[in-house]
Amino acid sequence: MQVVIADSAAEVGRIAAAKVASVIRHRPEAVLGLATGSSPLAIYADLADRVHSGRLRVDAVRAFALDEYVGLPLEHPESYHSVIRTVVTEPVGLTPELVNVPDGSAADLDAAADAYERAIRDAGGVDVQILGIGANGHIGFNEPTSSFASRTRIKTLAPQTRADNARFFASPDEVPTHCVTQGLGTILDARQLVLVATGASKADAVHAMVEGPLSSMCPGSALQLHPHAMVVVDEAAAARL
Ligand code: GLP
C-alpha cells in the first residue's frame, strides 16, 4: 500500500485526481469506480477543471458507483443516483449513459445486485476505484464484519453510518436502514484503488486500515491485500500513523 500524506485537503484531491487522470489518459474508455461522500469531492472538482480547460477528455469514460440506498426514489436529492449525477457526471462531463449506479429500488434487489456484478464484469472490470472511508472503517457501504470475499449485495447500515449521514436528511429517521453496495471482493477486483481521507475524524479509521491487522472489523484493511492501492490523506487524518 502506498501512503501519501499531503499538506492540505485540496492537495489530497489534486494528488488523487492526477492518478485518475493518468489512467484515463492511457485508456480513454477507462472504467472508473465512483464513491459518494464529501471526501472525493475535491477529486471530482479537479477532474472537472482538467476537462473544462481541455487537458482531459472523458466522453468515452465508463463508470460504476459503489453503492446506493435502498428505498429512496431515484429522484430523491440524497439518492446516490442523484448525488453521482450532480457531483460527478454533470460537473465532470461524463456521458450519462455510461454511468451506472446500483439499483436500490428494484423489486428483486438480489437479482439487481447480481446484474450489477455482471455489468462490471462485462465492462472488463474497474480500472481505477475511487474510495473514501467511513469513521468506522467502512468502504462503500461495507460495514464492519463484511466478508473480504463479499460481492454486490444488500446490507444493513450501521447505527454510526446512519448517524453520520443524518446531516443530509431532514431528520435522522429519514436515513434509510439498508443499502446495496459493491462487496469488498468486488472492490478488490479493481486494477487500482485510490482512497482519500481528510480530517481528524478519520484518524482512527486510517490507522486501523493502514497499520491495524487485516480484520473484517475494519473493512478498509482489505486494501492491505491489494497490489496497487494508494491512500492519500492530510496531516489530520494521518495523525495516528
Ligand atoms: C458514505 C459512503 C462511503 C464514504 C463514506 C465516508 O456513507 N457510502 O462511500 O466513503 O460514507 O463519507 P465522507 O467522505 O463524507 O466522510
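**Strands, a helix and a ligand shell**

In this predicted model, alanine 197 has valine 233 of β10 as its bridge partner. That contact belongs to the pairing of β9 with strand β10 (residues 229–234), where the two run parallel and are joined by five bridges. β9 also pairs with strand β6 (residues 128–131), again in the parallel sense, over four bridges. Here leucine 131 sits opposite leucine 195 of β9.

Next comes β6. Strand β2 (residues 31–34) runs parallel to β6, and two bridges join them. Glycine 33 is found opposite glutamine 129 of β6. In a regular strand, side chains alternate between the two faces of the sheet.

A separate piece of the picture is an open sheet of three strands, ordered β4-β8-β7 and paired antiparallel. Its edges are β4 (67–69) and β7 (153–156); each has a single partner strand, so one side of each has no neighbour in the sheet. On average, neighbouring strands here are turned by 30° against each other, ignoring direction. Looking at one of the pairings, β4 meets strand β8 (residues 178–181) in the antiparallel sense over three bridges. Within β8, cysteine 179 is the bridge partner of tyrosine 69.

Beyond β4, serine 79 lies in the loop between β4 and α3 (80–93). Is serine 79 buried or exposed? Serine 79 has 20 C-beta neighbours inside 10 Å, and because 20 or more is the cut-off, the residue counts as buried. From serine 79 to arginine 121 there are 42 residues in sequence and 24 Å in space, going C-alpha to C-alpha.

Arginine 121 leads over to helix α4, on whose face turned away from the buried side it is one of the exposed residues. Helix α4 (residues 109–122) has 14 residues, which at 1.5 Å a residue should span 20 Å; the end C-alpha atoms are 20 Å apart, so the two figures agree. Which residues of α4 are buried? They are Ala113, Tyr116 and Ile120. Seen down the axis of α4, these buried residues fall within an arc of 55°, so they line one face of the helix. On the face of α4 turned away from the buried side, the exposed residues are Ala111, Arg118, Arg121 and Asp122.

Finally, the ligand. There are 14 residues around the ligand, and those that come nearest are Gly37, Ser38, Ser39, Gly132 and Gly134. Sorted by class, the shell around the ligand holds nine polar, four nonpolar and one charged residues.

Definitions and conventions. Residues are numbered from 1 along each chain as its sequence is written. This is a predicted model: local features need pLDDT of at least 70, side-chain atom pairs count only at pLDDT 80 or more; totals for chains, interfaces and linings use all residues. Two strands pair if DSSP finds at least two bridges between them. Axes are lines fitted to C-alpha atoms, for helices over the stretch in contact, and angles run from 0 to 180 degrees between N-to-C directions. A residue is near a molecule or strand if its C-beta atom, placed from the backbone, lies within 6 Å of it. Ala, Val, Leu, Ile, Met, Phe, Trp, Tyr, Cys and Pro count as nonpolar, Asp, Glu, Lys and Arg as charged, and the others, Gly among them, as polar. The expected span of a helix is 1.5 Å times one less than its number of residues. A residue is buried if 20 or more other C-beta atoms lie within 10 Å of its own, exposed if 12 or fewer, and partly exposed in between; C-beta atoms are placed from the backbone. The arc is that of the directions from the helix axis to the C-beta atoms.
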